[in-house]
Amino acid sequence: MPGWTSARPEPVRDHAVGVPVWLRWLALGLLWWALGAAPALAREPELQQFQLRRTADAVQLTVRLGLELTPAVEDVLHRGVPLYFVWQAEVFRERWYWTNKRVSRATRVLRLAYQPLTRRWRLSVSNEVGGGAGASLPYALHQNHDSLETALASISRMTHWTVANSVQLADGGSHLVEWRFRLDPSLLPRPFQLGIANQEDWVIDIRREVEIPAPSAHDPKATEPGEDGGEAADESSGAPR
């Protein structure tokens, strides 16, 4: 009577030929760790309020953003390193036969620094952009804030900002304004620029392109930003693209 024999179990083979199982588990573990330790990415600031007003004398821009900083950026501020935020607006006359012609440019640099002795936040404002570090800029206005939240609220709000005057728009035609708000690491001292190069949690940037409405027959009163964060609208308001 023949004896019963069981077939020898086949060894479990890995589909990844030539790659040990332990090495693949190690790679997955390292990937999980890297994803967990990845820095928080800065989001584009939320556009909470927008208004573009054109009067007989000028074009004025009102913008309010919801600005939040990542922990890495806040840590640098608490260590006494100032940061520089830049508002920039350029007005172009549209030309179908060539590239648009820039007729106006406005810039505002805001320097935010923490003062450990007084535990207050100092905000300095300049209307110029230098070629080097932001410390060399001429600052015409200084404000002190008791908290970082109030300082950021002041930085992220621009009210009735004149971006062009009537003389610059006297040539007629259609015009548009390109405005931008960003954190500018290039104004930091050189050693800090190298230390934060290619770090995405330092990217704070928002930009919009808006058509400038035609001048109206009367000068309506501009609507102030509402407390509810809604978008102000009147007959002279443009629409962001």
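Two strands count as paired if DSSP finds at least two bridges between them. Helices (H or I, at least four residues) and strands (E, at least two) are DSSP runs, numbered from the N terminus. The model is predicted: local features need pLDDT of at least 70, side-chain atom pairs count only at pLDDT 80 or more, and totals for chains, interfaces and linings use all residues. Residues are numbered from 1 along each chain as its sequence is written, and side-chain values use heavy atoms, with hydrogens and water left out.

Six strands form an open sheet with antiparallel pairing, in the order β6-β5-β4-β3-β8-β9. β6 (141–145) and β9 (205–211) are the edge strands, each with a single partner, so one side of each has no neighbour in the sheet. On average, neighbouring strands are turned by 15° against each other, direction ignored (axes are lines fitted to C-alpha atoms).

In β3 (residues 83–93), eleven of eleven residues are buried, meaning under 20% relative accessible area with a 1.4 Å probe, protein chains only. Both faces are covered, with L83, F85 and W87 among the buried residues on one side and Y84, V86 and Q88 among those on the other.

Definitions and conventions
Axes fitted to C-alpha atoms, helices over the stretch in contact; angles between N-to-C directions. Buried < 20%, exposed > 50% of the residue type's maximum accessible area, 1.4 Å probe, protein only.
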